[in-house]
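Dear colleague,

Please find below the structure that I am handing over to you, together with its sequence. My findings follow directly after it.

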Amino acid sequence: GGTVTQSTALSITFLLTGEDILALKSNPNVATSNSTTYLIMRADAFSDISNLDILLIPDGSALVASTFISDESTPNFINFTLNMNTGILSITYDEPVDLGSVNVSLITVTNTTTSDNTNLTLTGYSTLEFYSSNTVFAITLTSSDLNTIKADQTIGNSQYNTYLHLLPGTVTDVFGNPNSLTSTGIGAFIPDSTGPKLVSFLSINIDVGTIQFEFD
């Protein structure tokens with residue numbers, strides 16, 4: 001769908017819906033250059049002032065775009081959520097992002113809107129998944145990063161001390177445009193409600209009377 005924004009006797013400017021733009025940007029094989037932008041059209045797509053249908057443009061005789069203007073806008077950050085039970089950090093943008101462009105070393109979890117105070121810059125991830133036409137990417141934190149946050153009571157234990165700092169280049173859209181610098185509060189925070197699990201009975205020293213345990 002869409003809306004006609006300008007028309008003359010021989011031309012029409014048509015504004016696509018956000019849903020259609022999202023669909024185009026989500027398809028790496030369509031509308032990335034002149035050579036991948038063709039148009040087919042049903043006869044009832046338009047009619048002239050005499051109410052006569054236009055001539056059909058069938059598949060196999062598609063028209064190539066005369067002019068193609070690439071996307072040159074940075075992807076806009078929408079929000080993020082952090083689940084301290086699962087260790088999943090989900091970040092949402094307003095358009096599809098490039099699956100291979102995510103650089104988690106440019107992501108810092110902080111307790112204020114700047115990264116100058118208590119903070120943790122991610123060292124990696126366990127899994128990286130994409131949802132909602134690649135507008136959302138979900139990072140499963142490494143156990144080391146997750147436990148570092150949990151051990152520091154000044155960060156990541158409520159929505160009031162959980163902020164995200166994203167440097168430019170954290171991610172790019174499908175046209176290679178990097179994100180802009182972002183420092184923001186959390187959209188949704190799920191606190192840790194899972195008890196610790198004993199993973200190892202490390203040692204017992206009968207001589208001095210000590211026992212050592214390891215938890216997850």
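At 6% relative accessibility, glutamate 95 counts as buried, where buried means under 20% relative accessible area, exposed over 50%, and partly exposed in between (1.4 Å probe, protein chains only). Please note that this is a predicted model, in which local features need pLDDT of at least 70 and side-chain atom pairs count only at pLDDT 80 or more, while totals for chains, interfaces and linings use all residues. Residues are numbered from 1 along each chain as its sequence is written, and side-chain values use heavy atoms, with hydrogens and water left out.

Salt bridges

Glutamate 95 forms a salt bridge with lysine 25, with 3.2 Å between the closest N and O atoms; a salt bridge here is a side-chain nitrogen of Lys or Arg within 4 Å of a carboxyl oxygen of Asp or Glu. Because glutamate 95 lies in the loop between S6 and S7 and lysine 25 in helix H1, the pair ties together parts that are 70 residues apart in sequence. Helices (H or I, at least four residues) and strands (E, at least two) are DSSP runs, numbered from the N terminus.

The structure holds four salt bridges. One of them joins lysine 150 and aspartate 192, whose side chains meet at 3.5 Å, N to O. This pair links distant parts of the chain, with lysine 150 in helix H2 and aspartate 192 in the loop between strand S13 (188-190) and strand S14 (198-205), 42 residues apart. Lysine 150 is partly exposed, with a relative accessible area of 28%, and aspartate 192 is likewise partly exposed, at 37%. Salt bridges that share partners also join Lys25, Asp71 and Glu95 into one network.

Arginine 42 pairs with aspartate 44 in a salt bridge, the closest N and O atoms being 2.7 Å apart. Arginine 42 counts as exposed at 58% relative accessibility, whereas aspartate 44 is partly exposed at 47%.

Nonpolar core

The largest nonpolar core has 26 residues, and those with the most contacts inside it are Leu89, Ile91, Ile107 and Phe137. The elements giving two or more residues to this core are strands S5 (77-83), S6 (88-93), S7 (107-110), S10 (136-140) and S11 (163-166), together with helix H2 (143-151). Such a core is a set of buried Ala, Val, Leu, Ile, Met, Phe, Trp, Tyr and Cys residues joined through side-chain atoms within 4.5 Å.

Neighbours within four places in sequence aside, isoleucine 107 is in contact with Leu89, Ile91, Leu120, Thr121, Leu122, Ile139, Leu164, His165, Leu166 and Thr170, contact meaning heavy atoms within 4.5 Å.

Phenylalanine 77 is found in strand S5 and is buried, with a relative accessible area of 18%. Not counting residues up to four places away in sequence, phenylalanine 77 touches Ile91, Thr92, Tyr93, Leu166, Thr182 and Thr184. Phenylalanine 77 and aspartate 59 are 18 residues apart in sequence and 38 Å apart in space, C-alpha to C-alpha.

A buried loop residue

Threonine 172 is placed in the loop between S11 and strand S12 (182-185), and counts as buried at 16% relative accessibility. Beyond its neighbours within four places in sequence, threonine 172 is in contact with Val97, Asp98, Ser101, Asn177 and Pro178.

Nonpolar surface patch

Val4, Ile12, Phe14, Leu16, Ile21, Leu24, Val30 and Phe46 make a nonpolar surface patch of about 600 Å². Patches are made of residues with over 30% relative accessible area and no salt bridge, with like charges joined within 9 Å and nonpolar side chains (Val, Leu, Ile, Met, Phe, Trp, Tyr) within 5 Å. Accessible areas come from the Shrake-Rupley method with a 1.4 Å probe; for residues, only the protein chains shown count as cover. Strand S2 (12-16) and helix H1 (18-26) each supply at least two residues of the patch, and S2 gives the most, with three. Phenylalanine 46 lies in the loop between strand S3 (38-39) and strand S4 (63-64) and counts as partly exposed at 33% relative accessibility.

The chain as a whole

The secondary structure comes to two helices and 15 strands. The radius of gyration of the chain is 25 Å, well over the 17 Å that the globule rule gives for 216 residues, so the chain is more spread out than a compact globule. That radius is taken over C-alpha atoms, and the rule is 2.2 Å times the number of residues to the power 0.38. Along its principal axes the C-alpha trace spans about 100 × 35 × 25 Å. Buried residues make up 28% of the 216 residues.

With kind regards
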